[in-house]
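Look at the sequence and the 3D structure shown below.

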Amino acid sequence: MSSEELRSANCEVRTGESGQRRADCGERTAVLQGTAIEKEFRLGPEQLQVLNGVDITVRSGEMVAILGPSGSGKSTLLHILAGLDRPTRGDVAIAGKPLSRLNGEALAAYRNRNVGLIFQFHHLLPEFTVLENVMMPCLIAGDTPSAALQKAEQALAEIDFTSRLRHRPAELSGGEKQKAATARALVTNPQVVLADEPTGNLDSHSAQALMDLFQDLNARKRVTMVIVSHNERFAQRAHRRFYLDDGLLKETT
Ligand code: ADP
Ligand code: MG
């Protein structure tokens, strides 16, 4: 395996004392760690405690599902784990780096390189083509346009998205939009991909295809994934399942 392949598999290449390179794909490596996460929303005089001390550890190469009733705080938790929102108390570490130590700009840069995000609604930029949308995270990270183009083409080819690259989001089916969003999430080779009800807006056939794609990316490329889903069949495919209720996250069988 080349170091590039290892990197893409979210494994670290380390040089041991003997100088020998070894791949550390150990299931022990914590890629994402949330510790005692609490979140309160204040709406005027009212205070809403949504998360009440959530702990979660996601290891390299895992596919984890988060389930829970509507309004239980799944999106809130996912946004905090992704560094899109700050917890009221507690902390999140990605690849060992506590996000609380990063200011807004540094956090955005860290997220850009280390976190891939997929939402229920694709959030593709409507005025740009598929290719340009997938190039965007690389351009933000400072890649040259030609380097960004090469990475985008590779990320799209990796998921067999080889035609319609110059279509705009409005010219794509729901399933194609989510595939484009998936390529965009993967293009920077992030430590972890977080998805918030990614199949929630798809017909059952497209939902099944997206589930197959996620499972394939996890199995073949060892992409570490955290997926919020109402889809019980989707959750059954995950290595571990968590249930969020009353502000607490519990692992279920
Ligand atoms: P889920 O994704 O599980 O459906 P959410 O995380 O979206 O749940 O929301 C959990 C609770 O937090 C809901 O009661 C919601 O109204 C509330 N909430 C979410 N975001 C905010 C916000 N920015 N301000 C106030 N309340 C919020
Ligand atoms: Mg939600």
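Which residue just after α5 takes a positive phi? That residue is D160, with a phi of about 60 degrees. The model in which this angle was computed is predicted.

Now turn to the helix itself. Helix α5 covers residues 145-158, 14 residues in total. From its first C-alpha to its last it reaches 20 Å, which is close to the 20 Å expected at 1.5 Å a residue.

Next, consider which parts of the helix are covered. In α5, the buried residues are A148, K151, A152, A155 and L156. Seen down the axis of α5, these buried residues fall within an arc of 130 degrees, so they line one face of the helix.

Around ligand 1 stand F41, L43, L48 and V50, together with G68, S70, G71, S72, G73, K74, S75 and T76. Of the shell around ligand 1, the largest share comes from α2, with 3 residues.

The shell can also be sorted by class. What does the shell around ligand 1 have in nonpolar, polar and charged residues? There are 4 nonpolar, 7 polar and 1 charged residues around ligand 1.

Note on methods
Residues numbered from 1 in each chain as written. Chains lettered and ligands numbered in written order. Predicted model: local features only at pLDDT ≥ 70, side-chain atom pairs only at ≥ 80, totals over all residues. Near = placed C-beta within 6 Å. Helix = DSSP H or I, 4+ residues; strand = E, 2+ residues; numbered from the N terminus. Nonpolar A, V, L, I, M, F, W, Y, C, P; charged D, E, K, R; others polar. Expected span 1.5 Å × (residues − 1). Buried ≥ 20, exposed ≤ 12 C-beta atoms within 10 Å, placed from the backbone. Arc of directions from axis to C-beta.
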